[in-house]
Structure formats: structure tokens, C-alpha cells
Amino acid sequence: INAEYGGDMNVEIYGKIRDHDFHMVKLALETINRDHTGALASNVHSLTDTDWESFLNKTKNEFRGEMWGFKCGTMTFVDGELLGNGDDFMRWAKEKFGLIDFRPPAFYEALSSHAYKSYLENPERDVVYIDLVHDKTPMGRLIVELYRDIVPDTVKNFVELLTSKSEKKLVGSLLHRIVKSGWIQGGDLVNGSGANSDSAGGGKFPDENFAVKHDRAGIIGMANDGPHTNGSQFYLTFGPAPWMDRRYVAFGCLIEGQHILSDLENVETVNERPKRPLTIHDCGLLKDAL
């Protein structure tokens with residue numbers, strides 16, 4: 001291998017699934033690996049919006065000064081050193097390998113849209129949306145991936161409550177509790193007090209398993225009154241909460257709406273209760289809303 005290609009250079013790519021530049025870099029990397037076999041050892045990480053925010057914050061803390069102004073949705077590294085965004089990678093690829101990309105931006109827009117659509121259509125999981133209103137003012141939409149492949153019964157119960165047209169439904173219900181640096185809680189379908197929690201089928205149902213860990217912000221799980229008392233109440237974490245791992249059944253994770261989750265944590269409260277009504281205005285399966 002020609003020495004100018006760096007021999008066994010290690011290239012690491014991180015990017016949002018929906019970012020156009022991420023798919024431009026991925027395709028460029030595939031081209032280099034095809035035309036210059038063995039020149040690169042590469043690793044590509046496709047991230048949801050929420051995972052990207054977590055990665056970006058962690059990387060900013062590690063690299064500090066050179067990272068504070070980073071605004072793009074793709075980040076590239078060569079041999080552990082930060083190279084930059086997608087455009088920086090393409091300039092590097094041209095200098096090192098003579099790579100020139102003539103494809104129009106519309107090609108990568110279509111590629112990113114297709115990749116995100118494929119991600120959302122994972123047949124083993126459900127993707128749902130929750131639209132929130134705070135004191136009659138829309139806050140935005142949370143998009144949550146539910147791990148039906150890991151906790152099918154728990155996900156089935158939650159989806160039934162999300163999509164129900166009967167009186168027992170999450171739409172119109174209150175988020176009644178906010179614990180700063182902890183979680184936000186809702187799902188009392190009777191009066192929003194937090195004292196009621198019946199499953200879609202009535203009564204309580206057992207803890208399915210504790211396979212999903214509370215290792216980040218945006219983990220969704222079942223609130224309970226002790227072992228095997230799951231019903232309709234649920235929570236979303238504001239950060240990692242490992243102490244919850246063997247106490248509460250987590251069943252999914254936020255994939256869009258990290259900024260809304262941050263806004264929720266800052267809602268004014270009295271005794272951990274929102275001072276003004278915080279309501280689920282609309283909710284359901286995302287595929288039915290597109």
C-alpha cells in the first residue's frame with residue numbers, strides 16, 4: 001500500500017441518521033475502502049438525535065476548546081484525533097486519496113430520508129409520538145422507540161394506552177410529577193393525582209424483565225408501587241439513573257426531542273407538581289401520523 005494512504009489509519013465516523021453529510025462521508029469511506037483496500041480501518045456509528053446529543057456533550061467535555069462551537073451532525077476522527085465535520089473529511093479524503101464527489105446534495109437528502117425511514121420501520125420495535133401542551137402552549141413532540149423485541153408485554157400495554165379510543169387512554173392525561181435531575185412522570189388516567197395506575201387490560205401486571213438499563217436521558221419505563229405493580233403510569237428520565245435498573249421495568253428510549261425533555265425538567269413546580277397543567281395533547285404510533 002502506498003505510504004501516502006497512511007497504511008492502517010483508523011477512521012471513526014459518528015453522525016445522525018438523518019444528517020445528509022453523514023451519508024456523504026459514509027459513501028466516501030466505502031469508496032476509499034473499495035479503491036484502496038487495507039488503507040483504512042474504519043468504524044461508522046449511526047446515531048439517533050438523542051444519542052447524538054449525548055455523544056456530542058461527552059465529546060465536548062473531552063476535547064473542550066476545539067469543540068464548543070461544533071454545530072454539525074457529523075463528526076470524524078483519524079487515529080484518535082478530531083478531524084472535523086463532513087466537509088473536513090471530504091477535504092481530507094481528496095488530499096489523501098484524490099477522492100472527488102460529484103453527487104448533488106439532493107442525492108444525500110434522499111439517502112438520509114430513506115435511512116431514517118428504514119430505521120423507524122424496524123419490524124421488531126414500535127416508534128410512538130407524544131405531543132405535549134403546557135398551560136395551552138404547545139411544547140413540541142417527543143418521539144420514543146419502544147423495545148418490543150425485549151419487553152413485548154410491557155410495550156403492548158403502553159401502545160394500547162397510547163392508541164386507545166376508550167376512556168382509558170393517555171391522550172388528554174396529565175404529566176403530574178417532575179423530579180429535577182431525576183424524571184418526569186405521568187399516566188394517572190383517572191384524575192392526574194398520581195394515585196391511580198391501571199393497565200390497559202385492567203389491574204396490574206408483573207415486571208417482565210430488567211434488561212433495559214437506565215443509562216442515559218430519555219429512558220422510558222413503568223412507574224410502580226413495588227414489585228409486579230405495573231399499570232398505566234410511566235416516566236422519562238432526565239439523565240442516567242442506574243439505581244432504577246432492578247426496581248423499574250424500562251421499555252424504550254427517546255430518539256427525538258431532547259430539547260423538549262430539557263424544557264420539561266425546567267417546568268415550574270410546586271412540591272414536584274407542575275404549577276400549570278402539562279398535558280398529553282396527542283399521541284400514538286408514529287407510522288399512523290406520517
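User: In which helix does Gln 258 lie?

Analyst: This is a predicted model, in which local features need pLDDT of at least 70, side-chain atom pairs count only at pLDDT 80 or more, and totals for chains, interfaces and linings use all residues. Residues are numbered from 1 along each chain as its sequence is written, and side-chain values use heavy atoms, with hydrogens and water left out. Helices (H or I, at least four residues) and strands (E, at least two) are DSSP runs, numbered from the N terminus. The run of residues 258–265 includes Gln 258, and this run is helix H6.

User: Is Gln 258 buried or exposed?

Analyst: Buried means under 20% relative accessible area, exposed over 50%, and partly exposed in between (1.4 Å probe, protein chains only). The relative accessible area of Gln 258 is 18%, so Gln 258 is buried.

User: Which residues does Gln 258 touch, not counting those up to four places away in sequence?

Analyst: Contact means heavy atoms within 4.5 Å. With residues up to four places away in sequence not counted, Gln 258 touches Thr 50, Glu 53 and Ala 217.

User: What separates the C-alpha atoms of Gly 257 and Thr 50?

Analyst: Gly 257 lies in the loop between strand S11 (250–256) and H6. With a relative accessible area of 9%, Gly 257 is buried. Leaving aside neighbours within four places in sequence, Gly 257 is in contact with Arg 141 and Leu 142. Gly 257 and Thr 50 are 207 residues apart along the chain, and their C-alpha atoms are separated by 7.2 Å.

User: How far apart are the end C-alpha atoms of helix H1?

Analyst: Helix H1 covers residues 20–35, which makes 16 residues. The expected span of a helix is 1.5 Å times one less than its number of residues.

User: What covers the buried residues of H1?

Analyst: The buried residues of H1 include Phe 22, Met 24, Leu 27 and Ile 32. Their cover includes strands S1 (9–16), S2 (40–47) and S3 (74–78), and helices H3 (86–97) and H4 (105–120).

User: How many strands does the protein chain have?

Analyst: The chain has 290 residues, of which 50% count as buried. Along its principal axes, its C-alpha trace spans about 70 × 40 × 35 Å. Its secondary structure comes to six helices and 14 strands.
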